[in-house]
Amino acid sequence: MAARWRLGLALAVGAFGSAIGNGIFAWLWWVPPSNLVIYLSAGVDQFAHGLQSAVFVVYLSMLVNPRYPVAQYAFLSGFAFLLPRLVAGASGAMQVRIGYDGFFLLAGSLSASAVLLLPFLANARPRAEAA
Amino acid sequence: MFNAVLLLRLARHDVDIVLIGFFAWVALLPVFKFAWAPLLDRFDIPGFSSFWGNRRGWIMLSQLGIFVAMVAMAFTSNDRSLPVTALFAVLLAFWATTLEVASDGWRIELAPTQAEQGPMVTANLWGYRSAMVIAGSGAAYVAGQLDWTWAYLAIAALAFLPFPVLCAMRAEPGRQGSRGAALMTGLVASGAILLVSLLVIATAGWILLDSAARLGISSKTNITPVVLAIALLPFAALALALPWIKRLPADARARRSAAIGPYVDIFWRYGYSVLPVLAFAAVYRMGDVMTLTLSHPLWNARGYSLNQIAIADGPVAILSSVAGVALGG
């Protein structure tokens, strides 16, 4: 998808997929435990997030200057995990407050909200090397 | 990568859920990787790099680091001393991150365009995601059958497998010399580097815990805002300097500096439009990372058994993420 489609579209599909992948864990919390429930939700979650991460990695890789691929990709991908990891660090405390279902619904709406920024990304183009 | 497993282990050992949240912060280390990533461009690994090149040299060193850290975790897996558990968890996170940095660089250099990058990312993520899943579910499964020590030893052995494969690979074009000699020098150098990294982490960790204790910070204190502020500082500084960076000539010293040049360059090339890009990057993976932290505790709390978790996390997860990545790339 990232190789053929326009990246903006692929990124949007990834965001909505991710939201579904999170929401399904709230559903798992609501229904009685069974093999079907845990395998289905793990499957949907992994499928959606696999798709999303592939699109995202291609997007980030296209942003870096070929002169410094190692450092710039490290910078961007590190930043990409900064806020999520901090939120994740507080996950125990959050779960105590809003429950497992609230936590996973919140995660889903956060990833879906990323599409609001997509129109602004279209303007980001690197300037030419010449001074 | 192995954080979810560590969190499950702590949960099984009845460590309090708020404390487990702090252990999730070991996973914060990768956001500071910009601090040492320029080292990879700057230095070669003695031995390894002289035969296999810079990128593969760093990859081999990181693999040894991961192996050593996992074996150490295997023999301290009863969680009797949480500081020791934390020390090896950080060591593992450091070398796993370095491995990622080195292989990302290698991947981008091998396939520089969007059309080429798609399949490349797919292959890369297939490997990465299935390794993660195999390690995660494999560990839970072995731990259910035997104990945590064997679980960690088994993953350590698996994680070591690519090393001999890399050793057997052809030399980097333009590099000559004996494979055996390069390997021996590399192993000795790696041993020394790993020892130094362990000492640095132990010292830094000791100072950090000591000053935290002096400041009256305990596991009950909410230090999230502090950590957030520290991690955000370099990004905020660069964003604030944006008006100045934008006006720099193409050959400015700040753009050529070994330590900050690569980062100044991002802001220089994209100007103000870098801000929505960074905001987007920060939010986009929120759902995935949050799920990763609490999915195991969720299953645990909902009463699923270790074996059910192992299957959900193993075959089910591998097949579906392989399909997802294939469609995405």
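In what order do the elements of chain A run from the N terminus on? They go α-α-α-α-α-α, giving six helices and zero strands (helices are DSSP runs of H or I, at least four residues, strands are runs of E, at least two, and both are numbered from the N terminus). This is a predicted model, where local features need pLDDT of at least 70, side-chain atom pairs count only at pLDDT 80 or more, and totals for chains, interfaces and linings use all residues. Residues are numbered from 1 along each chain as its sequence is written, while chains are lettered from A and ligands numbered from 1 in the order in which they are written.

The C-alpha trace of chain A spans about 65 × 35 × 25 Å along its principal axes. Of the 131 residues in chain A, 59% are buried, meaning 20 or more other C-beta atoms, placed from the backbone, lie within 10 Å of a residue's own.

Now for the interface: 83 residues of chain A are in contact with 88 of chain B (C-beta atoms, placed from the backbone, within 7 Å). On the chain A side, α2(A) supplies the largest share, with 22 residues.

Over in chain B, look at helix α7, residues 148-160.

Definitions and conventions:
Expected span 1.5 Å × (residues − 1). Contact = placed C-beta atoms within 7 Å. Buried ≥ 20, exposed ≤ 12 C-beta atoms within 10 Å, placed from the backbone.
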